[in-house]
Amino acid sequence: MNALAWALPASPGVCGALLSVTGRRGDRVAPAAAVAVTAATLALAVTAAVTRPRASAALFAGLRAELAVDGLSAVLAITVSAVALAVLVFAAGEIREARARFFGLMLLFVGAMLATVTATGLAPLLMAWEVMGAMSYALIGFWWRDGDRVRSATVAFVTTRAGDLGLYLAAGCALAGTGTLDLAGLAAAPRPWRDLVAAGIVTAALGKSAQLPFSFWLSRAMAGPTPVSALLHSATMVAAGAYLLLRVQPLLAATGWAATLAAWIGALTALLLGAVALAQRDLKQLLAASTCAQVGFMVLAAGVSAVAGGTAHLVAHAAVKNLLFMGAGAWLSALGTKDLAELHGAARRHRLVGVTFGVGALALAGLPPLSLWVTKDAVLSAVAERSAALHVVALAAAFLAAAYAARAGFAVWSPRDDATRDDTERSGTRRVGLLTGLPMPPMAFVAAAAGVVGAPVVFTAWRALLGTGPEPGPEGGGLLLSGALAVAAALAVRGRRLAAPRPLAGWLYLERGAVAVVWRPVTSLARSLARFDDRVLDGAVRGVSRAVTVLAGWSRRGDESGVDGAVRGLAAGAARLGALLRRPQTGQVHTYFAQAAVVLVLLALVIALVG
């Protein structure tokens, strides 16, 4: 069973790495290989959900990397694999260029997400988290020759990386406080380490899941190909933060303040980004903002200890949002536009896409008896028991969810009119291919039927599967109230042209605020430090260098006039002495006798004087 735990993330990861480096040579086989590997990964996920494997390996001294499949990770592994399979089948009919690179990056992305949901400690979680962030950057900027798309990828990457720093803080504080990085033991850490760990994890999760104040990066992520949006927004990167908060819910509850903070940020994101979604004219931007809002309900669920309800909402939303993004992408390819006004009549022109998209829109609206109507109420029931104020905000967010979903559905099903346009963004093909439409009916079925989890018997079994404690499930009164709100909201927007305030259409100017409050001060500080480095530190280094050079010059002159002069004088003296000593050396014997006689006379005189 150990091999199965490693194989689950490794299968798509290894295949993705191989495809990524094959270049153009792998383009022909890449779609089929990616779909086959993902289908095998889905089979592995189902097997793992039954057998619950666990694997561990030494990572560093005293630290181990462990992957395990429990109830929560089993549900997420199957969800990620199933959604990835649908997206890659759809992509096989949509992506026509650099296929090996595209499908390789997508498989690496899926492998990183599977490692994230099966990691039992912060060490493997951090590694998978980083790979997921890097793959998101590469996929959003897939069309790298377009500078605007690359800038959007950079904004998304830098924003999520800013939040990811919290995970490093959490890991460091966990080691300091407990000596271990196991997620299950974080709640037992002593204070203040427990609070610091919670702060780091909440920050990282909010950044990854595009919650306030990080939400704007998800708007930028729309620059990537539609299959990337479908995968990223449904069951992978954006869902990763919500999953992490659901996983460490005991830690949030142990701190008290972290649970409250997560609940309020989730509720406010659901409300405010719901208003942003309602104000969008671009279908993909509407779906992006709605993703922030719907993930807000999952974060809210983690804050109020509704793990079963939040997980059910995550799974149902993955199917719904995957379906809606595939529909938006199919129309963009066929009709060349994603403007809501220009898409009037689109559902009538392409009925398969229209019907399945309609099912997804109705489910997203929370209309009875579809999935999100039930799963959202499972969260609302827990919220109602915790806080009346939170419950009011969450109900308002549910009303807006029905409004923006209904707006999208009415737009594409309205008859063609003077606003209808084709090819305003790119040239459309006027057809929806077989592979493009193939995964939509199964996703539509899941989007419609996943609400069965709300049945009392099923919800009890669902809680047992996830291993959660007692928590309220969907209730009759709550279901009636949320259903009535959804119907009222849908009727309120039908046929109406909405005048969107600029702040809402501009995503609350969150990116402008981040640039003004964070980016510009940081870059200004960086420029000031660079100037200090250039003018002060480098100036000091250059000054020392110049001083040493001058001193060396002085030393050289002193050396040449003093030491070198003495050496030359000594050499000259030795030469002159040598010349004098050469003179008596005539080679004549009588000269040597005379010299010896002179020496003897001098020696006798010295002896006589001394004596």
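Predicted model: local features only at pLDDT ≥ 70, side-chain atom pairs only at ≥ 80, totals over all residues.
## The nonpolar cores

Let's start inside. The largest nonpolar core has 172 residues, and those with the most contacts inside it are Leu122, Ile201, Trp217 and Trp331. Helix α14 (residues 307–335) gives the largest share of this core, 17 residues. A second, separate core is made of 18 residues, including Phe297, Ala306, Val393 and Ala397.

Leaving aside residues up to four places away in sequence, Trp217 touches Ala156, Thr159, Thr160, Gly207, Lys208, Ala210, Leu232, Met237 and Val238.

## Helix α20 and its buried face

Helix α20 spans residues 440–449, and its buried residues are Met440, Met443, Ala444 and Ala447. Why do the buried residues of α20 line one face of the helix? Viewed down the axis of α20, they fall within an arc of 105°, so they line one face.

## Salt bridges

Side chains of opposite charge can pair when their charged atoms come close. The structure holds 16 salt bridges. One of them joins Arg281 and Asp339, with the closest N and O atoms 3.5 Å apart. This pair links distant parts of the chain, 58 residues apart: Arg281 sits in the loop between α12 and α13 (283–303), and Asp339 in the loop between α14 and α15 (346–349). Arg281 counts as exposed because its relative accessibility is 52%, whereas Asp339 is buried, with a relative accessible area of 17%.

Arg191 and Asp195 also meet through their side chains, at 3.3 Å from N to O. Asp195 is buried, at 18% relative accessible area. In the bridge between Arg430 and Asp423, the N to O distance is 2.5 Å. Arg430 is partly exposed at 38% relative accessible area, and Asp423 is partly exposed too, at 32%. Elsewhere, Glu130, Arg161, Asp164 and Lys208 are linked in a network of salt bridges; Lys208 is also one of the residues that Trp217 touches.

Trp264, Leu268 and Leu272 make a nonpolar surface patch of about 230 Å². Leu272 lies in helix α12 (residues 257–278). With a relative accessible area of 35%, Leu272 is partly exposed.

Definitions and conventions. Residues numbered from 1 in each chain as written. Heavy atoms only, no water. Patch = residues over 30% accessible without salt bridge, like charges linked within 9 Å, V, L, I, M, F, W, Y side chains within 5 Å. Areas by Shrake-Rupley, 256 points an atom, 1.4 Å probe, with all protein chains shown as cover. Salt bridge = Lys/Arg side-chain N within 4 Å of Asp/Glu carboxyl O. Helix = DSSP H or I, 4+ residues; strand = E, 2+ residues; numbered from the N terminus. Buried < 20%, exposed > 50% of the residue type's maximum accessible area, 1.4 Å probe, protein only. Core = buried A, V, L, I, M, F, W, Y, C linked by side-chain atoms within 4.5 Å. Contact = heavy atoms within 4.5 Å. Arc of directions from axis to C-beta.
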